[in-house]
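User: I have a two-chain model to go through. Can we take it piece by piece?

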Amino acid sequence: MTYYTIVPLDELLADGESTQAVMLIQRGQITMEVEPVSGSLGSIRRIYSSDPEDYLDARWQPGNIVAIEFADYLPK
Amino acid sequence: VDQSLHYGLPYVTWMNLTNQQEEQDESNRSSQQELLQQLGQVQTPPRMESRIHLLSIIGQIEGHTLLPPKNKTTKYEHIIPQLVAIEQNPKIKGVLLILNTVGGDIEAGLAIAEMIRSLTKPSVSLVLGGGHSIGLPIAVAASHSFVADTATITIHPIRLTGLVIGVPQTYEYLDKMQDRVISFIVRNSQVSEAKLRELMFRTGELVRDIGTVLVGREAVSVGLMHELGGLGAAMKRLNELIELKEAAEQPKPPQQPEVTITPQHAAPTPVQPVYQNYPLGYPGYVQPNTIPYTPGWPS
């Protein structure tokens with residue numbers, strides 16, 4: 001593996017404390033990283049979209065709760 | 001079915017129309033139900049169509065290997081499909097790249113850089129905070145690059161992980177990998193190869209490495225970045241590039257073939273009326289209640 005980064009490799013590849021599992025779910029055009037808070041609810045961590053309007057949408061602000069559906073658990 | 005409700009349309013047409021309406025109602029109802037289930041509300045706020053899309057390249061650039069979860073990463077598989085969508089969508093006119101990255105996987109970084117460079121739509125990059133290592137090829141890949149006054153760009157040699165065999169071939173391989181980065185930067189910026197190599201292999205600037213840290217205007221003065229600036233300047237430049245591209249794409253009006261006027265093509269000189277031939281002095285001119293003057297009549 002060739003890395004080109006200013007972060008020292010021992011630091012880059014060191015296993016940190018394991019963070020909670022994060023799910024990737026799709027809502028319309030937006031892919032979002034959610035942290036499950038219960039079986040059917042998740043807290044948004046980050047959204048992936050190239051449309052700047054998506055980041056202004058109050059529903060998709062980090063920390064907001066979205067419903068996780070059965071389909072989200074299925075392998076994509 | 002009440003035959004009187006056909007509104008003069010043939011029965012089959014009327015039935016098709018009503019069925020279509022019902023289907024539409026049904027699909028509206030189900031999409032509203034879906035919205036209610038997903039979001040807890042039926043109405044979604046109105047959206048403004050943005051002609052400029054944004055890609056933020058942050059943290060580590062992640063390639064073939066998943067980095068440990070403490071790293072904040074920009075993933076190749078997220079960026080590349082977005083770039084393809086941007087290239088294909090006719091409503092999107094330009095891309096703004098915001099970089100604040102510490103570098104990362106060389107293959108993924110170069111892949112993203114090549115994708116940005118080969119976009120047919122204008123792109124402007126803005127380095128904020130830091131655009132280190134593999135972030136630099138991504139920054140220079142855009143049509144125009146900006147660096148914030150306080151942003152830093154670290155240029156240093158690449159590193160290899162895994163089993164490294166201590167033979168001269170290892171060095172040659174590393175050198176080849178290094179050349180990929182150097183040649184990409186040289187091709188897409190104003191810096192000379194000699195200058196870039198000098199910056200990359202300089203000693204005494206970095207504590208744990210060899211290389212150089214360029215702060216804001218230094219990156220502009222060596223020719224790596226086009227301009228010093230922030231968000232406003234970057235957006236202004238991107239809008240200018242979009243307008244230039246649109247102007248270039250406008251169909252030009254068909255040009256009239258240029259005709260040189262030769263004596264044969266020139267309009268004939270108008271024939272001057274010979275006033276002596278007209279007793280009134282001018283053809284058709286009659287002054288009321290006057291005796292027209294005719295030279296030599298009556299004497």
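User: Is Ser133(B) buried or exposed?
Analyst: Ser133(B) is buried, with a relative accessible area of 1%. Buried means under 20% relative accessible area, exposed over 50%, and partly exposed in between, with a 1.4 Å probe and protein chains only. Before we go on: this is a predicted model, where local features need pLDDT of at least 70, side-chain atom pairs count only at pLDDT 80 or more, and totals for chains, interfaces and linings use all residues. Residues are numbered from 1 along each chain as its sequence is written, chains are lettered from A and ligands numbered from 1 in the order in which they are written, and side-chain values use heavy atoms, with hydrogens and water left out.

User: Where does Ser133(B) sit?
Analyst: In the loop between strand E4 (123-131) and helix H4 (135-141) of chain B. Helices (H or I, at least four residues) and strands (E, at least two) are DSSP runs, numbered from the N terminus.

User: What about the phi of Ser133(B)?
Analyst: Positive, about 50 degrees, although Ser133(B) is not a glycine.

User: Zoom out. How many helices and strands in chain B?
Analyst: Eight helices and nine strands. Chain B has 299 residues, and 35% of them are buried. Take the contacts (heavy atoms within 4.5 Å) in chain B between residues at least 6 apart in sequence: 67% join residues at least 24 apart.

User: Now the interface. How many residues of each chain are in contact?
Analyst: 32 residues of chain A are in contact with 48 residues of chain B. The two chains bury about 3600 Å² between them, 54% of it on carbon and sulfur atoms. Buried area here is the accessible area (1.4 Å probe) that two parts lose on being put together, summed over both.

User: Which three residues of chain A supply more than any other three?
Analyst: Met1(A), Thr2(A) and Tyr4(A), with 25% of the area that chain A buries against chain B.

User: And how many salt bridges and polar contacts?
Analyst: Zero salt bridges between chain A and chain B. A salt bridge would be a side-chain nitrogen of Lys or Arg within 4 Å of a carboxyl oxygen of Asp or Glu. There are 16 residue pairs in polar contact, both residues at pLDDT 80 or more. A polar contact is a pair of N or O atoms within 3.5 Å; within protein, one must be able to donate a hydrogen and the other to accept it, and residues adjacent in sequence count only if both atoms are side-chain atoms.

User: Which element of chain A gives the most to that side?
Analyst: H1(A), with five residues. The elements giving two or more residues include strand E1 (2-5), helix H1 (9-13) and strand E2 (23-27) of chain A.

User: What does the side chain of Gln60(B) make a polar contact with?
Analyst: The side chain of Thr5(A), at 3.4 Å. Gln60(B) lies in strand E1 (residues 52-62) of chain B. Gln60(B) counts as buried, at 2% relative accessibility. Leaving aside neighbours within four places in sequence, Gln60(B) is in contact with residues including Val7(A), Leu12(A) and Asn71(B).

User: What does Lys75(B) touch?
Analyst: Tyr48(A) and Glu62(B), not counting residues up to four places away in sequence. Lys75(B) lies in strand E2 (residues 73-75) of chain B. At 16% relative accessibility, Lys75(B) counts as buried.

User: Last one. Is Val37(A) buried or exposed?
Analyst: Exposed, with a relative accessible area of 53%. Val37(A) is in the loop between strand E3 (30-36) and strand E4 (41-48) of chain A.
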